[in-house]
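Please walk me through this structure one part at a time.

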Amino acid sequence: MLQRDRSRRWLVVVVGLGLAASLWPAPARAQTKPVMVYGVIHEYTLARLMQKFERDTGTKADFIRLSAGEVATRVLAERQSPKGDVIFGISRAIQESMKAQGLLEAYKSPRRAEVPGKYLDPDGYWTGSSLTVQGIAINAERWKKEFGSAPMPKTWEDLLDPKYKDLIVAPSPLSSGTGFTFIVGQFFRVGEEKGWEYLKALDRNIRFYTPSGIAPTRMVAAGEFLIAITFAHDALKAISAGYPIALVHPTGVSWDVGSVSLIKNGPNAAGGGKFIDWVLGRDPIQLIVDLNFEGSLRSDVSLPLGATPLEKLDLVDYKLDWAAQNRQRILKQWGDLFKK
Amino acid sequence: MKHRMPKGVTAREWNAPHLARRIAVDPLGSGVTALVILLLGLFVLLPVARVLAQPGQAEWVRLLTTSRWLRLGGNTLLIAVLSTASAVALGFLFAYATSRPDVPLRTLFKLIAILPLVSPPFVGGLAFILLFGRRGLVTYSLLGLSGDIYGWHGLWMVQTLAFFPIAYLALAGVLRRINPTLEFAAQDLGARGFRLFRTVTLPLAIPGLASAALLVGIYALSDFGNPMLVGGAFKVLATETYTQVTGWGDLGMAAALSGALLVPSLALFMLQRYWVEGRSYVTITGKGSFADPLPTSGPVRWGLFTACALVALVLLATYAVVFVGAFARTWGVNWRPTLANFEYTVFRGGQLWNSIRFAAMAAVGGSAFSVLAAYLVHRKRFPGRGAVDFTAVLPAALPGTLIGVGYILAFNTPPLALTGTGTIIVAAMLFRTIPVGYRAAVAGLAQIAPSIEEGAADLGARPLRTLWDVTLPLIRSAFTSALVFTFIRSMNTLSAVIFLVSPGTVVASASILALAEHGDWGQASALAASLMSAVFLVLLGFRLLSGGRMRLFEL
């Protein structure tokens with residue numbers, strides 16, 4: 001008898017609580033329809049950007065932070081009834097693939113005049129917003145302990161030295177844009193055939209390839225490994241957070257462009273266009289540079305803290321069309337060659 | 001069970017064909033059954049079908065001809081077998097130790113055993129690396145070792161710790177249900193020590209062990225967070241599925257890979273089904289006994305205590321690092337205390353509340369639903385019973401990524417336009433975790449002799465009354481464990497909901513991943529620490545509200 005009463009009262013409490021939770025009012029929605037942004041850059045930077053957009057224009061903007069592939073998947077899955085308006089900060093390779101699938105709407109913002117022509121899609125489907133360059137991140141503290149005053153590696157060939165065996169981590173191109181940018185960068189540097197030879201030689205020193213692009217830098221920052229293949233802004237961010245990292249840019253370094261685009265049939269296309277016009281302006285780009293350490297495509301924006309000026313870097317001649325057309329083949333070949 | 005013609009049923013109805021007769025005899029039960037079938041079809045089968053219809057023939061061919069994925073398939077099976085075996089063993093150890101009245105600190109161990117479930121994704125794994133990695137606080141700073149945890153051995157360790165609570169939850173209820181008089185009787189007949197354990201306790205725990213192994217095995221097969229963090233060069237299929245979506249947005253290939261992952265999961269399910277069934281494990285026969293379980297001998301007691309204490313220490317250290325990191329200026333470099341990391345958590349405080357709200361709804365709905373489904377499948381006869389049984393445990397075999405993508409595909413357009421709402425997140429949380437409650441309820445039901453229910457029916461109780469007054473109190477522990485498990489798991493679930501969140505419905509775990517992925521470990525662990533505290537506070541609140549009667553940790 002006691003057992004029965006107990007379990008009953010207890011059931012009532014639980015169900016009552018559940019009902020109370022479900023009846024609790026949802027957060028009130030804004031009166032005017034907000035712009036919906038799918039962003040791939042850092043969550044906090046996006047939050048600050050949306051705040052600033054609302055202050056500057058009076059239009060509300062919401063965002064979700066996703067990885068590049070998640071944006072592509074989500075936009076594809078939602079194509080019957082899109083929920084987002086703008087894609088922000090994503091690599092050109094992903095933009096090209098979404099463009100080919102008919103998921104984007106051409107939008108030629110008046111701001112495109114301020115962006116150098118090679119960082120734009122000529123058909124108007126995407127517009128470059130930031131320039132990111134690659135480099136080598138080295139844990140300086142560990143270096144001092146293990147290699148003393150020996151010079152740090154300066155060229156890509158330096159990394160082939162057998163003394164770095166199992167000390168290097170690199171992102172996998174199969175799942176990370178950073179990894180793909182790195183390997184095609186080697187092809188653009190020395191040609192595809194020699195590029196594969198280089199990658200095979202480097203593989204002997206690599207401990208393993210990480211699924212995500214930022215993981216190598218994070219591991220090197222924590223001292224788990226000594227050397228990481230990275231984008232400069234990931235390393236600069238870790239440096240500004242206080243991690244003992246030295247960033248090296250060898251000659252013939254790969255790069256990419258973060259870009260903005262309008263989703264086809266989004267719920268608020270007009271607001272989306274307004275956001276794109278706004279975000280390509282000087283002040284928003286400066287905010288991104290300051291918070292996210294990415295390089296800008298505008299001459300009136302200052303460099304990220306600790307970054308090397310563009311004219312002192314030797315960038316490879318990145319052929320976007322070639323990379324997009326050969327991506328599947330390169331990834332398959334890479335997957336067959338490298339087992340880590 | 002004899003079929004008597006109930007009052008109010010005409011002879012004509014009674015003699016109608018089988019199904020129609022059942023509906024006539026028990027219209028409410030039939031309605032509920034139909035609803036359960038409909039919901040399972042909509043929220044489990046439909047999304048899976050939508051995803052599996054996604055890849056074309058080319059993708060299936062690519063899957064079978066790419067040597068990399070065949071190798072990864074082998075890795076996946078290997079680590080799943082290793083981790084399942086060790087996690088179930090550890091879970092059994094904890095469940096056995098805490099079921100004995102004389103093991104010191106057993107209440108504390110019960111609490112610590114559920115810690116890994118409260119841990120948000122990625123942060124627990126990183127804490128482990130910071131403690132035991134190449135430069136870990138324990139391995140490097142304390143012991144001066146510089147071993148390498150990246151690989152199958154590190155993954156094995158992390159998965160064992162991450163999944164043993166699932167085994168523990170499945171086993172604790174079962175062990176507590178074993179009637180102590182059986183052990184006393186065996187002892188009186190001369191069986192002692194290990195012989196008693198092997199011939200009486202262990203066989204009685206077999207349904208629990210089997211369902212624990214099934215659950216852990218499927219979790220291990222579809223785990224992507226841990227292999228991503230500590231797997232190193234040892235890659236598995238689940239990570240590959242996840243990264244196919246997150247990296248290049250290759251939905252077709254991801255769908256094909258999750259399809260491949262379904263094969264071993266289904267095999268596990270079949271094995272469990274045919275191994276356990278056909279044996280009788282009835283120990284509650286109505287002749288109740290409230291004796292304490294058999295005390296343990298000295299060496300066994302202290303052996304159990306030492307093993308539990310060691311594991312508990314490791315887990316406590318892991319979660320202490322998360323809390324310390326939440327207050328540290330720069331994770332791993334500058335440990336001076338600050339509150340700055342919480343600024344962002346407060347700034348976006350809505351996420352934490354969303355997590356609590358959605359998880360509470362999923363927990364109440366999910367545990368009621370899973371216990372109900374288990375009851376219907378194992379106590380009622382209706383066509384398609386086997387299919388319902390199968391569908392109720394299927395979600396555990398589905399990678400979260402697949403569920404998330406499937407939900408978008410299935411619920412983006414009318415008549416069921418749910419994307420962008422909180423409902424879709426609650427549904428994803430709820431249906432992802434029903435296998436746990438369902439299995440626990442089935443294991444509980446397997447130990448209750450139908451004769452008790454038949455007795456109630458013979459005394460004139462209608463089916464609903466029998467359920468409410470007889471069966472439900474007896475499977476209360478299954479309901480409780482489902483409630484607690486679903487709530488905790490939903491608070492931390494990530495891979496499915498990351499595809500479903502919208503402004504206004506963003507949950508804390510999605511933010512933690514975003515922060516962690518960018519290396520903002522301070523902010524990530526601040527939000528994680530808040531999330532873990534919220535879980536404990538809510539559980540404590542439930543316990544206080546129920547007057548201390550709800551046995552949250554004695555599962």
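In chain B, helix α22 (residues 422-446) packs against helix α25 (residues 476-492) at an angle of about 155 degrees, and their axes are 9 Å apart. The model is predicted. Angles over 145 degrees count as roughly antiparallel, and α22(B) and α25(B) are therefore roughly antiparallel to each other. The crossing in which α22(B) passes α25(B) is right-handed.

Both helices can be followed residue by residue at this contact. On the side of α22(B), the contact is made by B:Met429, B:Thr433, B:Val436, B:Gly437, B:Ala440, B:Ala441 and B:Gly444. From α25(B) come B:Ser477, B:Ala478, B:Ser481, B:Ala482, B:Phe485, B:Thr486, B:Arg489 and B:Ser490. Sorted by class, the contact of α22(B) with α25(B) holds 7 nonpolar, 7 polar and 1 charged residues.

A second pair in chain B is formed by helix α5 (residues 67-99) and helix α10 (residues 152-177), which pack at an angle of about 45 degrees with axes 5 Å apart. An angle under 35 degrees would count as roughly parallel, and one of 65 to 115 degrees as roughly perpendicular; α5(B) and α10(B) are therefore oblique to each other. Their crossing is right-handed. The contact of α5(B) with α10(B) is made up of 19 nonpolar, 7 polar and 1 charged residues.

B:Thr391 sits in helix α20, which covers residues 385-393 of chain B. Is B:Thr391 buried or exposed? A residue is buried if 20 or more other C-beta atoms lie within 10 Å of its own. B:Thr391 has 24 C-beta neighbours inside 10 Å, so B:Thr391 counts as buried. Leaving aside residues up to four places away in sequence, B:Thr391 touches B:Leu40, B:Val44 and B:Leu45. The C-alpha atoms of B:Thr391 and B:Pro435 are 9.0 Å apart in space, while the two residues are 44 residues apart in sequence.

Chain B as a whole has 27 helices and 2 strands. Of its 555 residues, 53% are buried. Among the contacts in chain B with a separation of 6 or more, 80% are between residues 24 or more positions apart.

Chain A contains 12 helices and 11 strands. Its C-alpha trace spans about 75 × 65 × 40 Å along the principal axes. Of the 340 residues in chain A, 49% are buried. Counting contacts in chain A between residues at least 6 apart in sequence, 77% join residues at least 24 apart.

How is chain A divided by the domain assignment? Domain 1 takes residues 35-131 + 256-307, and domain 2 takes residues 132-255 + 319-337. The C-alpha centres of domain 1 and domain 2 of chain A are 27 Å apart. Their contact takes 17 residues from domain 1 of chain A and 16 residues from domain 2 of chain A. On the side of domain 1 of chain A that touches domain 2, the elements giving two or more residues are α4 (92-100), β5 (126-139) and β10 (255-263) of chain A. The largest share of that side, 3 residues, comes from α4(A). By class, the side of domain 1 of chain A that touches domain 2 of chain A consists of 7 nonpolar, 6 polar and 4 charged residues.

Note on methods
Residues numbered from 1 in each chain as written. Chains lettered and ligands numbered in written order. Predicted model: local features only at pLDDT ≥ 70, side-chain atom pairs only at ≥ 80, totals over all residues. Domains from an automatic or database assignment. Contact = placed C-beta atoms within 7 Å. Helix = DSSP H or I, 4+ residues; strand = E, 2+ residues; numbered from the N terminus. Nonpolar A, V, L, I, M, F, W, Y, C, P; charged D, E, K, R; others polar. Buried ≥ 20, exposed ≤ 12 C-beta atoms within 10 Å, placed from the backbone. Axes fitted to C-alpha atoms, helices over the stretch in contact; angles between N-to-C directions. Left-handed = near helix turned anticlockwise from the far one by under 90°.
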